[in-house]
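Please take a moment with the sequence and the structure shown here before reading on. The paragraphs that follow begin with aromatic rings and then turn to the fold as a whole.

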Amino acid sequence: MENFLAFEVTQAENVFSRGIVRKQSDSLKKDHVRVQVEYSDINYKDALAATKNGGVVRDYPKVIGIDLAGTIIESNTDSWTTGQKVLITGYGLGISNDGGFSQVQDVPAEWLVEVPQNFSTKEAMKFGTAGFTAALAVRALEKEDPEKNAPILVTGATGGVGNTAIALLHQLGYTNITAMSSKKTQADWLTGLGASDIQAPAEILPEKKSPLGKQKFAAVIDTVGGNILAGLLPLIQYGGCAILCGNASGITLDTTVLPFILRSIKMIGIDSVQIEMTQRKQIWQFLAEHKTILEKLSYQEVELTDLEETIESLLNGTHTGRTIIDMGVSK
């Protein structure tokens, strides 16, 4: 495919624009492969990349999209051959390199993960970075070995990371999962995913924050950061943990050392961008083995030419579930 469509952002001086452009492939660089992209998905990070001064894109113009999955149509490396089904999440995709919102994309060969057997490119993008991050968080929690009935809190429960984490925890046998969400209209859906309780932040966090509060949760998977996380740390039980994988509520953390030195809690950071390849492959295999949860997750499918509404809903905080992008090429 010589000519193809892509969703590109550009900023020159004080003028920002975004939209569909028609592009043409250049000569393939050494140690790169050319992928016919079948599906991508859209994350909050992509929505930020699609805004002026969003703090994501490093230079312009740029095809955005931090995820892609498709078929290799040309290879300039011995590591990969044409016809292989591959996916990429993270690295510099859609940030320093052109990204996944494109019908064709050239990518460094070292970024590729082969799509696991019995797992489609569409299923991979239903998970995408959100599902990949959720799996990393859940696996980190499992290493702490809490009891299956231990109280676990998941914040940002209606977002892609949060709802996938709830579904994975439930499938792994955890029975006491509280979903934190202000969207009570989604309560039945969250319960169907495996949440045993749905509470708004105001129902969990005390009106007056103190260095140590009532011990409520053995573990917290936090996708929002900021004041929410600061308020939750004093509520974690002795020996518990907070697993951090998002900053939708801010990057600053106003807290004390007391939960750490008096209750021996842990704070575990999750990085889904530069994680090393061996673990990356393990996580995708883990997701493939648990792909039945996709039947419960909420997702919508849009075309490459119809991204504006999804971008705005992500920025406005009204988006729920996952949105995948069908690139309109033969699968």
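How many aromatic pairs does the count come to by the rule used here? The rule takes the rings of Phe, Tyr and Trp (its six-membered ring) and pairs them if their centres lie within 6.5 Å, calling planes under 30 degrees apart stacked, over 60 edge-to-face and the rest tilted. By this rule the count comes to 6 aromatic pairs. This is a predicted model, in which local features need pLDDT of at least 70 and side-chain atom pairs count only at pLDDT 80 or more, while totals for chains, interfaces and linings use all residues. Residues are numbered from 1 along each chain as its sequence is written, and side-chain values use heavy atoms, with hydrogens and water left out.

A pair of aromatic rings is described by the distance of the centres and the angle of the planes. The rings of Phe-16 and Tyr-60 have centres 6.4 Å apart and planes at 90°, so this pair is edge-to-face. Because Phe-16 belongs to strand 2 (residues 15-24) and Tyr-60 to the loop between helix 1 (44-49) and strand 4 (62-63), the pair ties together parts that are 44 residues apart in sequence. Helices (H or I, at least four residues) and strands (E, at least two) are DSSP runs, numbered from the N terminus. Tyr-60 counts as partly exposed, at 27% relative accessibility, where buried means under 20% relative accessible area, exposed over 50%, and partly exposed in between (1.4 Å probe, protein chains only).

Phe-132 and Trp-284, by their rings, have centres 5.5 Å apart and planes at 20°, so that pair is stacked. Since Phe-132 lies in helix 2 (residues 121-144) and Trp-284 in helix 8 (residues 277-289), the pair ties together parts that are 152 residues apart in sequence. Phe-132 counts as buried at 0% relative accessibility, and Trp-284 is buried with a relative accessible area of 0%. Phe-132 and Trp-284 also form one aromatic cluster with Phe-119 and Phe-127.

Turning to the whole protein, its secondary structure comes to 9 helices and 16 strands, and 56% of its 331 residues count as buried. Among the contacts (heavy atoms within 4.5 Å) with a separation of 6 or more, 71% come from residues 24 or more positions apart. Along its principal axes, the C-alpha trace spans about 60 × 45 × 35 Å.
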